[in-house]
Amino acid sequence: MRALCWNGVNELAVETVDDPSLLNPHDVVVRVRLTTTCGSDLHFIDGYLPGMREGDVIGHEFMGEIVEVGNEVTARKVGDRVVVPSFIGCGSCWYCDHELWSSCDTTNPNAELQQPVLGYPTGGIYGYTHPFGGYQGSHAQYVRVPFGDVNCFTIPDSVTDEQALFLSDAVPTGLMGAEFCDISPGDTIAVWGSGGVGLMAGHTARLLGADRVIVIDRFEERLALAHKQFGAETVDYTAVDSVHEALREMTGGRGPDACIDAVGMEGHGTGLQQIYDRAKQLLRLETDRATPLREAILACRKGGVVSVLGVYGLTDKFPMGVVTNKGLTVRSSQQYGQRYVPRMFDYIQQGDLDPSYLITHDLPLEDAVRGYDIFKNKQEGCVRAVFRP
Amino acid sequence: MNYLDKAKEQLTDLVGKVIDSGSSGGGTQTVTISCPRDQVEQFWRDPEKLSAVLGDIAEVRSTGPTGYQWILHRGDAESITWDTTLVAEEGSLRFVRATGNGSSTEGAEIQLTFRDAPHDLGTEVTLRVQSPIPDLLTGAAAFKVLYRARALLQTGEVPTLAHNPSARAAAH
Ligand SMILES: [Zn+2]
Ligand SMILES: [Zn+2]
């Protein structure tokens, strides 16, 4: 089959690789119909997240059609049109039982690589480094999906492929981040980053009852999208002296009730702090440039929630004193996709959310290298590039 | 970060480091498996299940009612055979060197202890390894074995990357 392979830092190529096959009795094989770039892929493409190996097939956000099922798959069948959350759950461990799907205790074949770093390993994910499982990614014609019954969700006829695609990762990540904010009617939520996840966090914060959503980014077209799609107020951080000052003014000096960081370790900012972080990161003295995280902690109102969706490594200079003195709650996780799928289908069917607006570039898989280039460099107003294998 | 290389090294090269001298200490790891204690204990007496969780590290064969032969794979080097006797005690199973079996594996022992976990969480299993197997089953590798055992007991399968069309064939 054809697949997009990582061959080294900033080296991608569409190549011919072996087809996946059923290996375990609960496996299914999905023929990918749509798969999308994700900002978190950029961390290992750029070499900031370790654990990729030459030839790894990348991609973790996809939907498609089941073409093969294992002996013990009972709820799904060949021909089902399905969306698959990016983290792999088993459906039978304590974490899956408690809907903490990305923390699944049995689906990471390389769990021993994560244990020393995280204390306890996460579940596996498609196409996202070997410590995270080493599974083949979704930017390919076919993908093996373990535990097909719990990881494949049959898409209702009234939901299109393009709408279903983002239920794999961007929507549940955003929705989880919004849910972490414990939104009460009247709340103001600030969101750093208006990529796919940031937009979905802002959009679903609105659905959960937020009165105001303020989105912070530097790309005019993305900010315009946030305003148009869910009535967000926007802050272009390159146009203000200080994001914190701008937010303070917009909220009558109180600060947002909750802040969502949807940027992560390669955040951009302005001023001295940014230069310092960038320099340290270039020298590999620091893996992360945590500008948005620090801004969110500073800007949040006292007693508020900071919800972290961006991917970080071992961030240094985490302002713990600010968290304590302001009584903040910090919540974070890799997404619990399986928990949210039915609710996300409802949102789409009720007309509350149509995530297909994230698609700015629709390309054949053969153009995936160019697609990532456009996506990474935010050319042509790119929010998400999707590939059709 | 070099933890990836380090853990990989432990997993793939360890077998080659099996040495005569009884190096002290070994991998000790504990997991909770959400199955009743007798089922979990029974699991470790089954050579087929042992082979399944050891994967490419080793293979285990039955050589009698309490006899277990471990064939430790060492990549390109010749495999090492280790004959053991299973000693069952209250709350533990120990695989110890069978007598008349050369001095190179003196002191070697694999011990499993079982405790009921609180709040119906199942069974707490501790895997403790003493030389020469510790070189084979230290830290990361011992955890991998327990992780696979838990996966097999709880889900009926071991997570695998066999034939994964990811990475070059040589990198598997
Ligand atoms: Zn993602
Ligand atoms: Zn699980």
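Me: What makes a residue pair between chain B and chain A count as a polar contact, and how many are there?
Reply: Two N or O atoms must lie within 3.5 Å; within protein, one must be able to donate a hydrogen and the other to accept it, and residues adjacent in sequence count only if both atoms are side-chain atoms. Between chain B and chain A, 17 residue pairs are in polar contact, with both residues at pLDDT 80 or more. This is a predicted model: local features need pLDDT of at least 70, side-chain atom pairs count only at pLDDT 80 or more, and totals for chains, interfaces and linings use all residues. Side-chain values use heavy atoms, without hydrogens or water, residues are numbered from 1 along each chain as its sequence is written, and chains are lettered from A and ligands numbered from 1 in the order written.

Me: Which helices of chain B supply the side that touches chain A?
Reply: α1 (3-13) and α5 (139-155) of chain B each supply at least two residues. The largest share, eight residues, comes from α5(B). Helices here are DSSP runs of H or I with at least four residues, strands are E runs of at least two, and both are numbered from the N terminus.

Me: Why is Asp105(A) with Arg150(B) called a salt bridge?
Reply: The rule asks for a side-chain nitrogen of Lys or Arg within 4 Å of a carboxyl oxygen of Asp or Glu. Here the closest N and O atoms are 3.2 Å apart, so the pair qualifies. Between chain B and chain A the count is two salt bridges.

Me: How do you know which residues are protein donors of the zinc ion (ligand 2)?
Reply: Donors are N, O and S atoms within 2.8 Å of the metal (3.2 Å for Na, K and Ca); water is not among the atoms, so sites may look incomplete. The SG atoms of Cys90(A), Cys93(A), Cys96(A) and Cys104(A) lie 2.3 to 2.4 Å from this zinc ion. They pass.

Me: What coordinates the zinc ion (ligand 1)?
Reply: Cys38(A) (SG), His60(A) (NE2) and Asp169(A) (OD) do, at 2.1 to 2.7 Å.
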